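This briefing describes the structure shown below.

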Amino acid sequence: MKKLLISLCLAVGFASPTFAADEKAPTAQQSKMGACNKEAGEKALKGDERKKFMSECLKGKAPEPAKEASAPKGKLTPMATCNKAAGEKSLKGDERKKFMSACLKAKGPENMK
């Protein structure tokens, strides 16, 4: 009886790696999904932007460039310039919110009154 139990345990132990090797490799679509998901995560996309990016990526279309990336090199977007100006002024909390709102409405700190 002990021999039967031991041989059964050994058989299961040796068979387990065989079953693990039978797992299927990811399909092309699954690989593409993983790559697109990783890229969306690197770009920190959220919500509708992420959905649109994932859809385009999975269809194989080149994703649209980000709005900030479309700005000419060397020229910052109003959001970036306002954010930089608020950081230089060390604004926090409500002061920062008010400054950012006014700055974005003026399309940059240089256009603020």
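Contact here means heavy atoms within 4.5 Å. By that criterion, and not counting residues up to four places away in sequence, Leu-104 touches Pro-78, Met-79 and Cys-82. The model is a predicted one, in which local features need pLDDT of at least 70, side-chain atom pairs count only at pLDDT 80 or more, and totals for chains, interfaces and linings use all residues. Residues are numbered from 1 along each chain as its sequence is written, and side-chain values use heavy atoms, with hydrogens and water left out.

**Overall make-up**

- The protein has five helices and zero strands, where helices (H or I, at least four residues) and strands (E, at least two) are DSSP runs numbered from the N terminus.
- The order of elements from the N terminus is α-α-α-α-α.
- Of the 113 residues, 16% count as buried; buried means under 20% relative accessible area, exposed over 50%, and partly exposed in between (1.4 Å probe, protein chains only).
- The accessible surface comes to about 9,600 Å², and carbon and sulfur atoms hold 60% of that area; areas come from the Shrake-Rupley method with a 1.4 Å probe, and for residues only the protein chains shown count as cover.
- Among contacts with a separation of 6 or more, 26% join residues 24 or more positions apart.

**Helices H2 and H3**

- Helix H2 (residues 28-42) packs on helix H3 (residues 47-59) at an angle of about 145 degrees, with the axes 10 Å apart; axes are lines fitted to C-alpha atoms, for helices over the stretch in contact, and angles run from 0 to 180 degrees between N-to-C directions.
- The crossing of H2 and H3 is right-handed, a term for a near helix turned clockwise from the far one by less than a right angle, anticlockwise being left-handed.
- H2 contributes Gln-29, Lys-32, Met-33, Cys-36, Asn-37, Glu-39, Ala-40 and Gly-41 to the contact, and H3 contributes Arg-50, Phe-53, Met-54, Cys-57 and Leu-58.
- These contact residues divide into seven nonpolar, three polar and three charged; Ala, Val, Leu, Ile, Met, Phe, Trp, Tyr, Cys and Pro count as nonpolar, Asp, Glu, Lys and Arg as charged, and the others, Gly among them, as polar.

**Helices H4 and H5**

- The axes of helix H4 (residues 78-88) and helix H5 (residues 93-105) come within 10 Å and cross at roughly 145 degrees, in a right-handed sense.
- From H4, Pro-78, Met-79, Cys-82, Asn-83, Ala-85, Ala-86 and Gly-87 meet Arg-96, Phe-99, Met-100, Cys-103 and Leu-104 of H5.
- Nine nonpolar, two polar and one charged residue make up this contact.
- Leu-104 lies in H5 and is partly exposed, with a relative accessible area of 33%.
- Leu-104 and Ala-80 are 24 residues apart in sequence and 9.8 Å apart in space, C-alpha to C-alpha.

**Nonpolar cores**

- A nonpolar core is a set of buried Ala, Val, Leu, Ile, Met, Phe, Trp, Tyr and Cys residues joined through side-chain atoms within 4.5 Å.
- The largest core has seven residues: Cys-82, Ala-85, Ala-86, Leu-91, Phe-99, Met-100 and Cys-103.
- H4 and H5 each supply at least two residues of this core.
- A second, separate core of six residues includes Cys-36, Ala-40, Phe-53 and Cys-57.

**Positive phi in the loops**

- Most residues other than glycine have a negative phi.
- Ala-44, in the loop between H2 and H3, has a positive phi of about 55 degrees and is exposed at 54% relative accessibility.
- Ser-90, in the loop between H4 and H5, has a positive phi near 55 degrees and is exposed, with a relative accessible area of 54%.
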